[in-house]
Amino acid sequence: MTNLEPRVGSSDLHPSGPLPASAAKKSNSIARRAAIAGGVGTLIEYYDFAVYGFLAVTIAPLFFPSDNSGVSILSTLAVFGVAYVARPLGGIFFGRLGDRRGRRHALVITVVSMGVACGILGLLPTHSTVGVLAPILLVLVRLAQGFSAGGEVGGAATYIAESAPPKRRGFFGSFTPVGSTLGFAVAAAVVGVVALATTDEQMESWGWRIPFLLALPLAYVCLRVRMKLEDTPEFEEMAEKQQVTKSPLLDTVTKNPWSVLRVIGVAIAMNGSGYIGLTYFSVYLIKDLGFSKDAVYWTSAIAIALACATFPLSGMLTDRFGRKPVLVGGYLGYVVIALPAFMIMGATESILVIGIVYFLYMVLNGVVQVPAFPLFTELFPRTVRYTGVSLGFNIGTIAAGGTAPYVAAQLVESTGNAMSPAYWVMGVCAIGLLTVATIRETSRKELPA
């Protein structure tokens with residue numbers, strides 16, 4: 001791995017020439033702190049968001065009781081997708097805040113609001129207590145979570161990219177997808193521990209609330225970390241030169257519309273493929289294939305966590321060879337393995353085989369995620385970078401991320417073919433390939449001013 005890592009120091013780009021060794025060391029130190037703070041915060045944000053997906057099978061009859069379990073599951077997954085409707089609004093709000101008041105300021109607020117919303121979800125009454133009000137409250141809280149999440153990834157990606165040396169932007173940028181994806185692994189592990197420590201009756205009665213309530217102390221920890229950060233040098237220079245735009249959204253859509261569309265296309269491919277593994281696999285394995293909840297939760301947690309360990313390698317590859325070749329390789333990899341993955345899962349009774357397939361699927365998720373985040377930031381000038389990345393990413397996530405588990409379940413329900421979600425994966429990756437073909441290579445360059 002080490003021979004793939006880009007060298008820093010004398011070869012780093014710098015306006016006045018090569019960076020001195022001491023300056024390069026300081027630059028890497030700043031980037032490291034930014035990457036850790038961004039990654040940890042994103043992990044906690046996505047833990048909050050992902051717990052719902054892993055508990056979908058448990059909470060479905062609590063909020064959407066029905067004689068047909070498939071209807072309950074589809075309703076619950078639909079609410080999972082509803083949260084994504086609010087993400088562009090959150091991206092616009094926090095993007096404006098981040099582009100006008102500072103990246104750090106926005107990132108502090110996102111993690112607090114997400115933690116509070118997740119904690120409230122853990123306190124909601126169920127349908128047996130308040131009737132139809134229960135699913136209404138569930139939708140409202142999920143909308144609040146989506147609003148908060150809409151400002152997180154774009155902000156974290158922007159903060160890290162603006163703090164990293166040009167030739168290591170991919171490596172340090174990998175901490176954003178590590179955080180977001182590991183959040184799903186932590187969510188699966190926590191749900192697994194609670195399921196292991198409770199009976200089925202206890203889990204359905206009160207155990208499901210515990211993972212949501214844990215979001216409150218986790219958000220406090222992240223808040224402490226982010227409060228210690230300074231803003232990025234890019235934003236401070238922009239503020240000092242009075243280059244802060246009055247209307248980041250207007251400038252984004254009028255001056256950078258093609259960049260927004262490109263981010264949307266890449267985000268559709270990344271989220272449409274990734275969320276099948278992150279959310280739908282657990283529903284498919286438990287509901288359709290009959291694996292035990294405990295086994296699925298732990299297999300998910302271990303497979304996702306192990307896959308995350310490979311993400312920095314993808315970051316080093318994208319720094320060495322560029323964003324486009326790595327993205328194309330990831331999309332083609334998904335096209336090749338999507339159908340075999342579902343076929344193997346449907347044919348085996350071994351949870352170990354399931355875990356191996358799950359791991360390989362999520363490794364590819366890193367290959368398509370890791371180059372995307374630095375690429376997003378490299379498409380926009382600093383005056384609208386937070387807004388541009390958040391807007392495009394969240395629209396793409398609505399189109400194919402939040403909808404992915406619902407579409408997959410609906411495809412199986414309507415066609416009777418358990419393999420049909422594989423064709424969805426192939427379709428979104430085709431969109432990714434077409435989008436990447438329109439983008440010039442952006443790696444190893446200074447961020448646009």
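Trainee: Happy to start with the helices: which hand does the crossing of α17 and α20 have?

Mentor: This is a predicted model, and in it helix α17 (residues 293-308) packs against α20 with the axes 8 Å apart. The angle of that packing is about 35°. The crossing of α17 and α20 is right-handed.

Trainee: How many residues of the contact of α17 with α20 are nonpolar, polar and charged?

Mentor: From α17 come residues including Ala295, Thr299 and Ser300, and from α20 come residues including Ile351, Gly355 and Phe359. Sorted by type, the residues of this contact are 11 nonpolar, three polar and no charged.

Trainee: At what angle do the axes of helix α10 and helix α20 cross?

Mentor: Helix α10 covers residues 175-197 and helix α20 covers residues 351-369. Their axes come within 10 Å, and α10 passes α20 in a right-handed crossing. The angle is roughly 145°.

Trainee: Which residues of α20 make the contact with α10?

Mentor: On the α10 side, Pro177, Ser180 and Thr181 take part. The residues of the contact of α10 with α20 comprise two nonpolar, four polar and no charged. The α20 side supplies Met362, Asn365 and Gln369.

Trainee: Let's turn to single residues. Is Ser148 buried or exposed?

Mentor: Ser148 sits in helix α7 (residues 133-149). Its relative accessible area is 3%, and the cut-off for buried is under 20%. Therefore Ser148 is buried.

Trainee: Which side chain does the side chain of Ser148 join in a polar contact?

Mentor: Not counting residues up to four places away in sequence, Ser148 touches Glu45, Phe94, Thr110, Ser113 and Met114. The polar contact has a length of 2.8 Å. The partner is the side chain of Ser113.

Trainee: And which residue has a side chain in polar contact with the side chain of Thr442?

Mentor: Thr442 is in the segment after α24 (421-436) and counts as buried at 12% relative accessibility. Leaving aside neighbours within four places in sequence, Thr442 is in contact with Arg323, Leu375, Glu378 and Leu379. The polar contact, at 2.4 Å, is with the side chain of Glu378.

Trainee: Which backbone oxygen does the side chain of Thr252 reach?

Mentor: Thr252 belongs to helix α15 and is buried, with a relative accessible area of 0%. Its contacts beyond four places in sequence include Pro257, Phe380 and Leu391. At 2.7 Å, the side chain of Thr252 reaches the backbone oxygen of Pro248.

Trainee: How far apart in space are Thr252 and Val108?

Mentor: In sequence, 144 residues separate Thr252 and Val108. In space, C-alpha to C-alpha, the separation is 23 Å.

Trainee: What is the phi of Gln242?

Mentor: Gln242 lies in the loop between α14 (233-240) and α15 (248-255). It counts as exposed at 73% relative accessibility. Although Gln242 is not a glycine, its phi is positive, at about 55°.

Trainee: Where in the protein chain is confidence lowest, by helix?

Mentor: The mean pLDDT of the protein chain is 89, and 94% of its residues reach 70 or more. Confidence is highest in α24, at 97. The lowest mean is 77, in helix α1 (residues 21-54).

Key
Residues are numbered from 1 along each chain as its sequence is written. This is a predicted model: local features need pLDDT of at least 70, side-chain atom pairs count only at pLDDT 80 or more; totals for chains, interfaces and linings use all residues. Side-chain values use heavy atoms; hydrogens and water are left out. Helices (H or I, at least four residues) and strands (E, at least two) are DSSP runs, numbered from the N terminus. Buried means under 20% relative accessible area, exposed over 50%, partly exposed in between (1.4 Å probe, protein chains only). A polar contact is a pair of N or O atoms within 3.5 Å; within protein, one must be able to donate a hydrogen and the other to accept it, and residues adjacent in sequence count only if both atoms are side-chain atoms. Contact means heavy atoms within 4.5 Å. Axes are lines fitted to C-alpha atoms, for helices over the stretch in contact, and angles run from 0 to 180 degrees between N-to-C directions. A crossing is left-handed if the near helix is turned anticlockwise from the far one by less than a right angle, and right-handed if clockwise. Ala, Val, Leu, Ile, Met, Phe, Trp, Tyr, Cys and Pro count as nonpolar, Asp, Glu, Lys and Arg as charged, and the others, Gly among them, as polar. pLDDT is the predictor's confidence in each residue, from 0 to 100.
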